[in-house]
Amino acid sequence: MPESPYTVSDVMTHTVVAVGSEAPFKEIVELLDQWKVSALPVLAGEGRVVGVVSQADLLAKEEFRDTEEGDPAERRKADAVTVGELMSAPAVTVHADASLAEAARIMARRHVKRLPVVDGVGLLQGVVSRSDLLKVFLRDDEEIAGEIRHTVLGQLPVMTPLTVSVAEGAVTLGGSLPDRTLVPVVARAVRAVEGVVDVRLDLTHR
């Protein structure tokens, strides 16, 4: 796997099921069940993402089955029979070269679990989910330690190398720094390495 920073393209699912706007209600339910996903990108033309249809969109039909009350927009979804009538548009998407942190922020702010991944003209490239973003925390401790030694500590102006140990993603740094102002700089750089859960500093400085 590549060195940090990882991008969405490193963890996304490339093989993606999608639907057109004319797909019927029951087909959507069947696809969601078959592929074990909570939402599907909706495509137009040669593969441009125009919306997303989710389980929440479909549930309106059950929610309002026996009542006339509720939000008018949601009630309209209860009467919908095709993807075009159900989907949320425009779609919330992310580019393949976006950082994992950026994708995580989009998901959190827009309250979505999955993001279609698109290219510069909006064509579907894949899908990234919350679980995909968590894959970096499966990195081996030694792999994380090696990256820290090479990409972080290797750039520091120190006379003696710092020690690095990683256990369950928690990094401990030991040794001496020539300047106390480097302490927060080092901590921030180490924390930015994908897969790091915590940073503990056992450092001295002049």
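Which residues does Val-171 touch, not counting residues up to four places away in sequence? I began with this residue, and I note that the model is a predicted one.

**Entry 1: Val-171.** I looked up the contacts of Val-171 and found that it touches Ile-144, Ile-148, Val-164, Ser-165, Val-166, Val-190, Val-196, Asp-198, Val-199 and Arg-200, with residues up to four places away in sequence left out of the list.

**Entry 2: the core.** I then turned to the nonpolar residues. The largest nonpolar core has 19 residues. Val-171 is among those with the most contacts inside this core, together with Ile-148, Leu-153, Val-164, Leu-173 and Val-190. I checked which elements contribute: H8, E7, E8, helix H9 (182–191) and E9 each supply at least two residues. The most comes from H8, which gives 4 residues.

**Entry 3: the sheet E7-E8-E9.** Next I examined the strands. E7, E8 and E9 form an open sheet of 3 strands in that order, and the pairing is mixed. From one strand to the next, the twist averages 10°.

**Entry 4: E8 and its partner.** In which sense do E8 and E9 pair, parallel or antiparallel? I found that strand E8 (residues 170–177) pairs with E9 in the parallel sense, over 8 bridges. I located two positions along this pairing. Leu-177 stands opposite His-205 in E9, and Ser-176 has Thr-204 of E9 as its bridge partner.

**Entry 5: helix H8.** I looked for the position of helix H8 (residues 141–152). This helix lies across E7 and E8, and it runs at about 155° to E7.

**Entry 6: the sheet E4-E5-E6.** I also looked up another open sheet, in which 3 strands stand in the order E4-E5-E6 with mixed pairing. Its edges are strand E4 (94–95) and strand E6 (124–129); each has a single partner strand, so one side of each is left without a neighbour in the sheet. E4 pairs with strand E5 (residues 114–118) in the parallel sense over 2 bridges. I noted that the bridge partner of His-95 in E5 is Val-118. Helix H6 (residues 100–110) packs on this sheet and touches E4, E5 and E6. The direction of H6 makes about 130° with that of E5.

Conventions
Residues are numbered from 1 along each chain as its sequence is written. This is a predicted model: local features need pLDDT of at least 70, side-chain atom pairs count only at pLDDT 80 or more; totals for chains, interfaces and linings use all residues. Side-chain values use heavy atoms; hydrogens and water are left out. Two strands pair if DSSP finds at least two bridges between them. Axes are lines fitted to C-alpha atoms, for helices over the stretch in contact, and angles run from 0 to 180 degrees between N-to-C directions. Contact means heavy atoms within 4.5 Å. A nonpolar core is a set of buried Ala, Val, Leu, Ile, Met, Phe, Trp, Tyr and Cys residues joined through side-chain atoms within 4.5 Å. Buried means under 20% relative accessible area, exposed over 50%, partly exposed in between (1.4 Å probe, protein chains only).
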